[in-house]
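Okay, thanks for coming, everyone. I'd like to walk you through one structure today, starting with the whole chain and then going into a few spots. Have a look at it first.

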Amino acid sequence: MKKALLICSLIMLVSLIFGQKSLYDIAFDAPLAETEAMLKSKGFMEINRVGGDITYNSDTIPNLLLLQIRMNDDKNAVQGWELRYDLSQDSDVEPYVIDMLKEIHGEYQVYNDYDYDYIWYFPNDKALYVSVYSSGRLVLYYTNGNWDDDDYYYYEDYGW
């Protein structure tokens, strides 16, 4: 019995670590067909498909301008995604989204970096980069990234 409980706990931990999801339950390396069906069930509508990118919008989520899925080379799984919010009409959107991200991903590892306002690093060289632009946009980039490469980029290349 203890072995079964330990194995179940281990499986749940592994799925939590490697199944990193975002605000709308999108996950890295998730099958594209399942992701598309899930987004459609949440009220997202596909508005554009170009190359390896699929762009969606939603009338049910206030201030969300678009969600863009980036497919892997085989076009059968999610490689990354981007969300864009409009902050110009509602200044409470930014703290709300950041609080939701903290709830999902825990505390951010980097705040107010050179290029990004918030950064979360995940296992397997995945990251979430968040930018708040003075033009009134909040942009979330779920993509490849890790602390070592970002750190190297900023300090080693410039001799600091």
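So, of the 160 residues in this chain, 38% are buried. Keep in mind while I talk that this is a predicted model. The accessible surface comes to about 9,900 Å², and 52% of that belongs to carbon and sulfur atoms. Now for contacts: if you take those between residues at least 6 apart in sequence, 40% of them join residues at least 24 apart.

What is the chain built from? Four helices and eight strands. Going along the sequence, you read α-α-β-β-β-β-α-β-β-β-β-α.

On to the sheet. The eight strands form an open sheet with antiparallel pairing, and the order across it is β1-β2-β3-β4-β8-β7-β6-β5. Which strands sit at the edges? Those are β1, residues 44-50, and β5, each of which pairs on one side only.

Let me zoom in on β6, which covers residues 118-122. Is this strand mostly covered or mostly open? Mostly covered: five of its five residues are buried. As a general point, side chains in a regular strand alternate between the two faces of the sheet. You can follow that here, with Y118, W120 and F122 pointing one way from β6 while I119 and Y121 point the other way. Whichever way they point, all of these residues are buried.

Next, the neighbours of β6. On one side there's β5, residues 110-111, which pairs with β6 in the antiparallel sense over two bridges. If you want a landmark there, find Y111, which stands opposite Y118 in β6. The hairpin of β5 and β6 has six residues between the strands, and in that hairpin N112 takes a positive phi near 55 degrees.

The other partner is β7, residues 126-133, which runs antiparallel to β6 and is joined to it by five bridges. Between β6 and β7 the hairpin has three residues, and here N124 is the one to look at, with a positive phi near 65 degrees.

How much space lies in it? The lining is made up of L23, Y24, I61, P62, N63, Y85, D92, V93, Y96, V97 and M100. By type, that divides into nine nonpolar residues, one polar and one charged. And which element gives the largest share of the lining? That's helix α3, residues 93-105, with four residues.

Last stop, D25. You'll find D25 in the loop between α1, residues 2-18, and α2, residues 32-41. For a sense of spacing, D25 and T35 are 10 residues apart in sequence, and their C-alpha atoms are 8.5 Å apart in space.

That's my tour. Happy to go back to any of these spots if you'd like another look.

Definitions and conventions: Residues numbered from 1 in each chain as written. Predicted model: local features only at pLDDT ≥ 70, side-chain atom pairs only at ≥ 80, totals over all residues. Heavy atoms only, no water. Buried < 20%, exposed > 50% of the residue type's maximum accessible area, 1.4 Å probe, protein only. Pairing = 2+ DSSP bridges. 1 Å grid on protein atoms, 1.4 Å probe; cavity = no way out; pocket = protein on both sides within 12 Å on 5 of 7 lines; lining within 4 Å. Nonpolar A, V, L, I, M, F, W, Y, C, P; charged D, E, K, R; others polar. Contact = heavy atoms within 4.5 Å. Areas by Shrake-Rupley, 256 points an atom, 1.4 Å probe, with all protein chains shown as cover.
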